[in-house]
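Dear colleague,

My findings follow directly after it.

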Amino acid sequence: MGLEEEISEWQKLPGPLQHQFYDHAIREAERRIEFLRRLREKLEGLRNELVFEHVGQGDWEGLRVGVVDGSCPPAPDVRLGGTYALFCSSYKIFEGEELVDEGYRSGMLFVTNITPSTTAKGVLRLLMTRLERKSALDALERGAEWLIIDGSFFGFRYRCRRVEDVEVTWYEVGEGGEVEEHTATGEDIIEELFRATREILKKESVAIIKRARTRALDGHLVEEKWDLIEESGGRLLGAVMTSLIDKAILSIIMPEGRYFLYDSLFNRPGEFHFYSVLAGLCERWIEDRLENGEPLDFSELYALSKERVRHREKRENIPPRLFATYYPILMEQVRRGFFKASQEAPSCCFEMHVDRPLEEILPYLMGFNNEDTGHPFPLDLVDEDVRLPRRFTREFVEEVEAQVLRKADVELTRDYFQFLNPQKKWLY
């Protein structure tokens, strides 16, 4: 028997629809080609304007570097009268390419069903970050000369607003290996996180931001071409901006073995935040100004963007006294940039304190690098090591149930499971 000829999904459509969608594909390809042509022109202009510094070879083979990451399964388990959520963290210390030490921490959060799910998730992420900070300090105590953490130093700040007023109890493994019970308010957890992060910032440390979404380069293009935008009544805004995030732009135009710092383009380390927000709101701002017959003044657009950033940070970062301390650090002391380890790898975003010796750690980040991701290889290794499986929380709760059934009053346990919290296993 001969093999049946495979029929494509396209061939399953009626003939007229096949032809129509073929025409759509041709027209869309033409539009994409024109978009790429215009994009090339914008990127070439940026390539000639940005400063890409060369990363020296450096002697990093003997450098003792600690890398830290944490994990929590994305699906808590809702049973036994509430929500169970697990989290963990780990540090690994490398001397050159050799792993010489490692440590692990784990924790469990249980919140009742009356706690809003958004609050529970916010607390969980903060507790995981708190555990990561503990692992980072562990690595420093174990002799790490440099520290690499996963995520922005103050990236946790956007989860603070929902949890300040709650009080939670959780369990984690202490330094002696015993499970310890902790109770704290959301405000206490937030304050501890800020203290630990500031302590880490004072050490030789660098943060790797895997999913950086900033668009400061488009904001810069808007400023550079503002006369053209203004003269066209905003019609040429699309011709000026790339509509790409900075990570994508720099992955395309940055040469191998180079790095770029935002403070080489802007006046101070944190100013890229203003330009990123500016890129996101300028189109609507221009439309509103034109509708109201008001002039297109770039200084007003910049001032609005600056105020938006300050308002966002002040709103999210509670209590106010922490904002007063942390915001100047974010604006003046934490610099951000990108490096590109190899031609095939995407650019990698990083943060560090302005006073830390960039030339000491960059050769390590570039030399001991995962070509598939562009991240430092040890960070990808610890990320894979601590990643809790998606359904692990369900298996954990099933083990709790089994232990309860073996040790508790059987009739009461059965009634509790059956009537108060039926065993419907769902994820959210």
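**A charge over a ring**

Arg-32 places its charged end over the ring of Phe-35, at 4.9 Å from the ring centre. Please note that this is a predicted model.

**Overall composition**

The protein chain contains 14 helices and 12 strands. It has 428 residues, of which 49% count as buried. Among the contacts in the protein chain with a separation of 6 or more, 75% are between residues 24 or more positions apart.

**Aromatic pairs**

A search of the whole structure returned 24 aromatic pairs. With a relative accessible area of 10%, Tyr-84 is buried, whereas Phe-110, with a relative accessible area of 27%, is partly exposed.

Ring pairs also link a cluster that consists of Phe-52, Phe-260, Tyr-262, Phe-266, Phe-272, Phe-274, Tyr-275, Tyr-302 and Phe-338.

**Packing of α4 and α8**

Helix α4 (residues 216–224) packs with helix α8 (residues 272–291) at an angle of about 75°, and the two axes are 7 Å apart. The two helices are therefore roughly perpendicular, because that term covers angles from 65 to 115 degrees. On the α4 side, the residues in contact are Ala-216, Asp-218, Gly-219, His-220, Val-222 and Glu-223. They meet Phe-272, Tyr-275, Ser-276, Leu-278, Ala-279 and Cys-282 of α8. By class, the residues of this contact comprise seven nonpolar, three polar and two charged. Phe-272 and Tyr-275, which take part in this contact, are also members of the aromatic cluster described above.

**A backbone feature**

Which residue has a positive phi although it is not a glycine? The residue is Ser-243, with a phi of about 65°. Ser-243 is located in the loop between α6 (237–240) and α7 (246–253). Its relative accessibility is 56%, so Ser-243 counts as exposed, the cut-off being over 50%.

With kind regards

Key. Residues are numbered from 1 along each chain as its sequence is written. This is a predicted model: local features need pLDDT of at least 70, side-chain atom pairs count only at pLDDT 80 or more; totals for chains, interfaces and linings use all residues. Side-chain values use heavy atoms; hydrogens and water are left out. Axes are lines fitted to C-alpha atoms, for helices over the stretch in contact, and angles run from 0 to 180 degrees between N-to-C directions. Helices (H or I, at least four residues) and strands (E, at least two) are DSSP runs, numbered from the N terminus. Angles under 35 degrees count as roughly parallel, over 145 as roughly antiparallel, 65 to 115 as roughly perpendicular and the rest as oblique. Contact means heavy atoms within 4.5 Å. Ala, Val, Leu, Ile, Met, Phe, Trp, Tyr, Cys and Pro count as nonpolar, Asp, Glu, Lys and Arg as charged, and the others, Gly among them, as polar. Rings of Phe, Tyr and Trp (its six-membered ring) pair if their centres lie within 6.5 Å; planes under 30 degrees apart count as stacked, over 60 as edge-to-face and the rest as tilted. Buried means under 20% relative accessible area, exposed over 50%, partly exposed in between (1.4 Å probe, protein chains only). A charge sits over a ring if NZ of Lys or CZ of Arg is within 6 Å of the ring centre and within 35 degrees of the ring normal.
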